[in-house]
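Hi everyone, thanks for coming. Let me put the sequence and the structure up on the screen, and then I'll talk you through them.

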Amino acid sequence: MVDWRLFEPLFEFARKRSLWIVSFCTGCGGIEMPPLMTSRYDLERFGMMPNPAPRMADLFLITGYVTPKTLKRIIITYEMQPDPKYVMAHGSCPLNGGIYWDAYNAIKHLDKYIPVDVYIAGCMPRPEAVMDGIKKIMEMIENGTADGWKRYKENYEYYKKNQDELFGEGWREKEARKWIPWLMDKRREE
C-alpha cells in the first residue's frame, strides 16, 4: 500500500503551478484582468490560465462589488468547483463594501458567505498588486495553508446560516427550480 502523504509536497508544487482561473468580474474589477494575460505580466508563465468552466477551475477570482443577487451565483459557482479550490478577492468592495460601504445592496465581508484565502485591497488594485496576491496564494498552496475549502466543509453550518439569513431558507432549491424546467425543455428540443 502506497502512503500518498509522502507525495503531498510534490502535489502541492504541481497544484501551485497549474491553476485554472474562473473569474467573477463585477463592475470595475474585471478591467484589471486582461492586462495580467498580456506580455507584460504574462500569467501563463506561472501555469495559470482563464477557464470559463467552474467544474475544471482551481482558483476563483472575485473582483469588484458583490450584491445579494450576484452572491447567489458566487456561492453556487464556488460549490461547483472541485476540491481543492482557492478564492482570491480583489478590490475593496468584497472586503468591506469599498465605495459602496453604506449601500443597502452591497455585500460587505464576503468571507462570511464563502472562505476567502487571499484579499487584495485597493480600489482597484493595480495589476502589480494582483500579481503579488497570486504569488501569495501560490506560496500558501505550496505550504498547505490555503485551506479555505477545508474550512468551508468543517464550518459549513456557519456559512449556511449566514447564507440563509441573507437569502432565506431553501434558497438553493428555489434557484434550482428556476433552472431545471429550462434544462428539461432544452433536452426535449434535442
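This is a predicted model: local features need pLDDT of at least 70, side-chain atom pairs count only at pLDDT 80 or more; totals for chains, interfaces and linings use all residues.

UniProt, in an unreviewed entry, places the feature "domain: NADH:ubiquinone oxidoreductase-like 20kDa subunit" at residues 25–136. In the model, that span is 29% helix and 14% strand, and its end C-alpha atoms lie 20 Å apart.

Let's move to helix H5, residues 127–143. H5 has 17 residues and reaches 24 Å from its first C-alpha to its last, close to the 24 Å expected at 1.5 Å a residue. Its buried residues include Val130, Gly133, Ile137 and Ile141. Just after H5, glycine 144 takes a positive phi of about 85°.

With 7% relative accessibility, isoleucine 120 counts as buried, because the cut-off for that is under 20%.

Threonine 67 is another buried one, at 16% relative accessibility. You'll find threonine 67 in the loop between strand S3 and helix H3, and beyond its sequence neighbours within four places, threonine 67 touches Asn105 and Ile107.

For contrast, look at the segment before helix H1, where tryptophan 4 is found. Is tryptophan 4 buried or exposed? Exposed, with a relative accessible area of 53%.

On to charges: how many salt bridges does a search of the whole structure find? Seven. One of them pairs arginine 151 with aspartate 117, with 3.4 Å between the closest N and O atoms. Arginine 151 is in helix H6 and aspartate 117 is in the loop between helix H4 and S5, so the pair ties together parts 34 residues apart in sequence. Aspartate 117 is buried at 12% relative accessibility, while arginine 151 is partly exposed at 27%.

Lysine 160 and aspartate 164 also meet in a salt bridge, at 2.9 Å, N to O. These two are four residues apart in helix H7, so about one helical turn separates lysine 160 from aspartate 164. Elsewhere, salt bridges that share partners join Asp83, Lys85 and Lys153 into one network.

Technical notes
Residues are numbered from 1 along each chain as its sequence is written. Side-chain values use heavy atoms; hydrogens and water are left out. The expected span of a helix is 1.5 Å times one less than its number of residues. Buried means under 20% relative accessible area, exposed over 50%, partly exposed in between (1.4 Å probe, protein chains only). UniProt positions are given in the numbering used here, feature names are shortened, and annotations may be inferred rather than shown by experiment. Contact means heavy atoms within 4.5 Å. A salt bridge is a side-chain nitrogen of Lys or Arg within 4 Å of a carboxyl oxygen of Asp or Glu.
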